[in-house]
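Hi,

Here's the structure I promised to pass along. Have a look, and my notes follow below.

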Amino acid sequence: MDYCLETISLCKKYGDFQALNGLSMHIPKGAIYGLVGKNGAGKTTLIRLITGIQNPTSGEYSLYNIKNTDMAINKTRRRMGAVVETPAVYLDMTAEENLIMQYQILGIPNYNGITELLTLVSLADCGKKKVKDFSLGMKQRLGIAVALCGSPDFLILDEPINGLDPQGIVEIRELILKLNRDYQITILISSHILGELSKLATHYGFVDGGKIVKEIDATELELNCRKCTHLSVTDTKALCRVLDGLNIEYSLTSDTEADIFGEINITQLTLALAKENCEIMFIQKRDESLENYYMNVIGGHTNA
Ligand SMILES: Nc1ncnc2c1ncn2[C@@H]1O[C@H](COP(=O)(O)OP(=O)(O)OP(=O)(O)O)[C@@H](O)[C@H]1O
């Protein structure tokens, strides 16, 4: 497998505190890798190490097969863009000025790409506006544009949707998908908002107590998780008779509600229930699978 980033037993100590405790992870090229973990699990620490903001206490990592101890790592890091913690933007400058400044820092001789970048992050009409007047979502998108200035093929986003409203979340999601699909950018997203991650990620790493406790790709996760159809009916006894007759697995969750596992034919079920004078009041496909899976994986582990 061709990895964009591989870490081997990474450790980071802050004084006596072991923030990373032998973390090994593998991000395939082209992936959207969801780094999932509760507060304090070590996500930001990992990102600080791989972006070169801090050094590991022990262990190593390779970026595009270049080890962190290799002299070439600084050059290779230029293939990486990152938004760590809060977007690195200057509030008293306009969006355009922020991008010009980043171009200058990177030594890019002309500013031709700036209009395209602003368009890409849906800020084309706001280039001349001061960032202090931006919404949080706009600041986050500008932060991503700044991270994209050097045309990286690996983008790291630390909790990119924290604090955003639903519209802001959709805009960031669409941008991430576009960068991955149209620009072939590998993306690492740290988040604890599982429902949102599950709409994006092709791979997951579950981190707890400073180490990865499980890595899994989205297809494997799908196979491991049970989707269910949740429904509310007027008569659960009738529902049980019908489901038993159809040999369908289910679980009653209240006097009127049940979860049905596996694929069901809704028409067949509705007709069978009607014959028993039972009506369906409410029906919904549920996909809490990632959350359940996460709880099972994390269960039994505690922070170091
Ligand atoms: N500079 C530091 N000095 C001491 N301890 C630190 C330092 N930075 C982080 N830690 C501790 O290391 C642990 C991991 O922190 P980290 O920020 O990596 O977690 P996280 O998974 O990103 O959590 P969150 O979602 O809250 O940002 C935490 O217990 C934190 O208190």
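First, a term for what follows: I call two residues in contact if their C-beta atoms, placed from the backbone, lie within 7 Å. Helices (H or I, at least four residues) and strands (E, at least two) are DSSP runs, numbered from the N terminus. Axes are lines fitted to C-alpha atoms, for helices over the stretch in contact, and angles run from 0 to 180 degrees between N-to-C directions.

Keep in mind that this is a predicted model: local features need pLDDT of at least 70, side-chain atom pairs count only at pLDDT 80 or more, and totals for chains, interfaces and linings use all residues. Numbering starts from 1 along each chain as its sequence is written.

The chain splits into domain 1 (3–217) and domain 2 (228–286), with bounds from an automatic or database domain assignment. Their centres, taken over C-alpha atoms, are 44 Å apart.

Now the sheet. It's an open one of six strands with mixed pairing, ordered E6-E7-E8-E3-E9-E10; strands pair if DSSP finds at least two bridges between them. At the edges sit E6 (80–83) and E10 (211–217), each pairing on one side only. On average, neighbouring strands are turned by 15 degrees against each other, direction ignored.

E9 (203–208) runs antiparallel to E10, joined by six bridges, and aspartate 208 stands opposite lysine 211 in E10.

Two helices to look at: H5 (136–147) packs on the sheet, touching E6 and E7 (154–158), at about 160 degrees to E6. H6 (166–183) lies across E3 (32–36), E7 and E8 (186–191), running at about 155 degrees to E8.

Cheers
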